[in-house]
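I opened this notebook to record, entry by entry, what I looked up in one protein model. The structure comes first, and my notes follow it.

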Amino acid sequence: MQWFGRRESDNVNDERGGGGGRLAIGGGVLGLIAAAIYFFTGVDPSALLNQVSTNQSARQEQTANKGPEDAGKHFVRVVLADTEDIWTKLFNDMGRTYEKPQLTLFNDYVESACGRASSASGPFYCPGDSQVYIDLSFYDELKNRFGAAGDFAQAYVIAHEVGHHVQNLLGISQKMDAARSRLSGRAYNKLSVKLELQADFYAGVWAHYEKSMKNVLDKGDIEEALNAANAIGDDRLQKQAQGHVEPDSFTHGTSAQRMYWFKKGFETGDINQGDTFGNGDLD
């Protein structure tokens, strides 16, 4: 991805290095924080939290060696700027106004309108404050643990979370919140999968315009994103973590589903093609 020297968003808050000992796991408005733990790890969130204290000193030392304007921050700001430009255009085409989200960088712990979260939660979006949150150490996990290397794999993660912001602006998140009160846990889980797959679709739409409008994709970028989608499918994560797959506990979809919807968004570039629900569950 060609990102060096390009426009950077002003909507990035850097809270790294200011953390401190606030335990941070909380289910957000839509439960996306807890889901993100499973999404990016495939194991019990409590087990991950036990690792936080062990790794905290190492991460703090790593953060201390980073300047406030490190390359990771520049990269995030460029990707967020591209999402702003592209979604502003697409919303204008729909006769709507795109409200830009904030993105907060943190290490260890963060407080959001959806509750407190640790870096073990992985990147997440909180509808309550319209913010994306990410600990950049996750990118090391993405590369080393999940085998999904490359800058466009990293950009896909941000684009997915911004996809949740798009859902929030379009009223889909509010419908999900209402459905949660009338559905069983299992039924809501199925809707949660569809919500996440739609965010993957929106990430694909963004990638479509990264190519056609921004012209900043390098050869192999889309393969990097698809590899990341494959690496963090529920079935693959469960198989790695526990040796078997439990479809009823899926929250984000299988590897095949995630790749399918990202690819569909990329190939069509048409936001109207992303109805992952399709059966009136949110009506």
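I began with Ser130, which lies in the loop between E5 and E6, where helices (H or I, at least four residues) and strands (E, at least two) are DSSP runs numbered from the N terminus. The model is a predicted one, in which local features need pLDDT of at least 70 and side-chain atom pairs count only at pLDDT 80 or more, while totals for chains, interfaces and linings use all residues. Residues are numbered from 1 along each chain as its sequence is written, and side-chain values use heavy atoms, with hydrogens and water left out.

I looked up phi of Ser130 and found it near 55°, a positive value in a residue other than glycine. Most residues other than glycine have a negative phi. I then turned to Asp108, in the loop between E2 and strand E3 (109-112), whose phi is near 75° and likewise positive in a residue other than glycine. Are these two residues buried or exposed? Ser130 counts as partly exposed at 24% relative accessibility, whereas Asp108, at 1%, counts as buried; buried means under 20% relative accessible area, exposed over 50%, and partly exposed in between (1.4 Å probe, protein chains only).

Entry 2, the sheet. In what order do the strands of the open sheet lie? I noted four strands in the order E1-E2-E6-E5, with mixed pairing, two strands being paired if DSSP finds at least two bridges between them. Strand E1 (12-14) and strand E5 (124-126) stand at the edges with a single partner strand each, so one side of each is left without a neighbour in the sheet. The twist averages 25° from one strand to the next; axes here are lines fitted to C-alpha atoms, for helices over the stretch in contact, and angles run from 0 to 180 degrees between N-to-C directions.

I followed the pairing strand by strand. E1 and E2 pair in the parallel sense over three bridges, with Thr104 in E2 as the bridge partner of Asn13. Strand E2 (residues 102-105) also pairs in the parallel sense with strand E6 (residues 131-134), over four bridges. Along that pair, Leu103 stands opposite Val132 in E6, and the bridge partner of Leu105 in E6 is Ile134. Helix H5 (residues 151-169) packs on the sheet and touches E2, E5 and E6, its direction making about 20° with that of E5; contact means heavy atoms within 4.5 Å.

I checked E3 and strand E4 (residues 115-118), which run antiparallel and are joined by four bridges. A hairpin of two residues links E3 to E4, and Gly115 in E4 is the bridge partner of Ser112.

Which residues touch the most other members of the largest nonpolar core? Of its 64 residues, they are Trp87, Leu103, Phe152, Tyr156 and Trp206, a nonpolar core being a set of buried Ala, Val, Leu, Ile, Met, Phe, Trp, Tyr and Cys residues joined through side-chain atoms within 4.5 Å. Helix H7 (residues 185-214) gives the most to this core, with twelve residues. Leaving aside neighbours within four places in sequence, I found Phe152 in contact with residues including Met1, Trp206, Ala207, Leu217 and Ile222. Apart from this core lies another, of seven residues, among them Phe106, Cys114, Phe124 and Tyr133.

I listed Ile172, Ser173, Met176 and Ala179 as buried in helix H6 (residues 172-180). They cover an arc of only 120° around the axis, which puts them on the same side of H6; the arc is that of the directions from the helix axis to the C-beta atoms. The buried residues of H6 pack against H5 and H7. Arg180 also has its place in helix H6 but counts as partly exposed, at 38% relative accessibility. The C-alpha atoms of Arg180 and Leu191, eleven residues apart along the chain, are separated by 9.1 Å.

Among contacts with a separation of 6 or more, residues 24 or more positions apart account for 78%. The protein exposes about 11900 Å², of which carbon and sulfur atoms supply 46%, with accessible areas taken from the Shrake-Rupley method with a 1.4 Å probe.
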